[in-house]
Amino acid sequence: QVQLVESGGGLVQAGGSKRLSCAASRSIFAGNAMGWYRQAPGKQRELVADITWGGRTNYADSVKGRFTISRDNGKATVYLQMTSLKPEDTAVYYCVARAGNDYWGQGTQVTVSS
């Protein structure tokens, strides 16, 4: 069964940090790029960051220098380390596996209070 399970969301004060994790089924993790998207209320889902199997990363301009995406290929897990969080980072964060088709997790809420 293919699945992506995100964890690590919650409430954090502005300026704080949080780390999201996404544990994936190996069948969709191995050899494939992984990414994090987010969707704030009333807005479209947007790319936050992605990472290739080899570790090349790409970030949205809004998070460059604050967020870091990484992956542990042995654990089939991708991470998003978020620092210097702002209220505008409040959103549901989704993990995606780009395995031919895109496979999505259920999302985890991150709320940044001012």
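Predicted model: local features only at pLDDT ≥ 70, side-chain atom pairs only at ≥ 80, totals over all residues.
**Entry 1: a hairpin**

I began at the hairpin that β9 and β10 form with one residue between them, where I noted that Gly-100 in the turn has a positive phi of about 80°.

**Entry 2**

Which strand is joined to β9 by seven bridges? I found that strand β4, residues 33-39, takes this place, and that β4 and β9 (residues 91-99) run antiparallel. I also followed β9 to strand β11, residues 108-113, and here the pairing is again in the antiparallel sense, over three bridges.

**Entry 3: Arg-38**

I next picked out Arg-38, which has its place in strand β4. Is Arg-38 buried or exposed? Its relative accessible area is 6%, and because buried means under 20%, I wrote down Arg-38 as buried.

I then asked what surrounds this residue. Leaving aside its neighbours within four places in sequence, I found Arg-38 in contact with a list of residues that includes Gln-44, Glu-46, Phe-67, Glu-88, Asp-89 and Tyr-93. Val-92 is also one of these contacts, and although Arg-38 and Val-92 are 54 residues apart along the chain, their C-alpha atoms are separated by 5.4 Å.

**Entry 4: two residues with a positive phi**

Phi of Ala-76 is near 55°, and I located Ala-76 in the loop between β7 (67-72) and β8 (77-82). Phi of Ser-84 is near 45°, and this residue is found in the loop between β8 and β9.

How large is the relative accessible area of each of these residues? For Ala-76 I noted 2%, so that Ala-76 is buried, whereas Ser-84 is partly exposed, with a relative accessible area of 42%.

**Entry 5: the whole protein**

I finally stepped back to the whole protein, which has one helix and eleven strands. Reading from the N terminus on, I wrote the order of the elements as β-β-β-α-β-β-β-β-β-β-β-β. The radius of gyration is 13 Å, close to the 13 Å that the globule rule gives for 114 residues, so the protein is as compact as a globular protein of that length. Along its principal axes, the C-alpha trace spans about 40 × 25 × 20 Å.

I also noted that 44% of the 114 residues count as buried, and that the accessible surface comes to about 5,800 Å², of which 45% belongs to carbon and sulfur atoms. Among contacts between residues at least 6 apart in sequence, 53% join residues at least 24 apart. As my last item I recorded the charges: the protein has 13 positive and 8 negative side chains, and the centres of the two sets lie 4 Å apart.

Methods. Residues numbered from 1 in each chain as written. Heavy atoms only, no water. Pairing = 2+ DSSP bridges. Helix = DSSP H or I, 4+ residues; strand = E, 2+ residues; numbered from the N terminus. Rg over C-alpha atoms; globule rule 2.2 N^0.38 Å. Buried < 20%, exposed > 50% of the residue type's maximum accessible area, 1.4 Å probe, protein only. Contact = heavy atoms within 4.5 Å. Areas by Shrake-Rupley, 256 points an atom, 1.4 Å probe, with all protein chains shown as cover. Lys, Arg positive; Asp, Glu negative; His and termini not counted. Charge placed at Lys NZ, Arg CZ, Asp CG, Glu CD.
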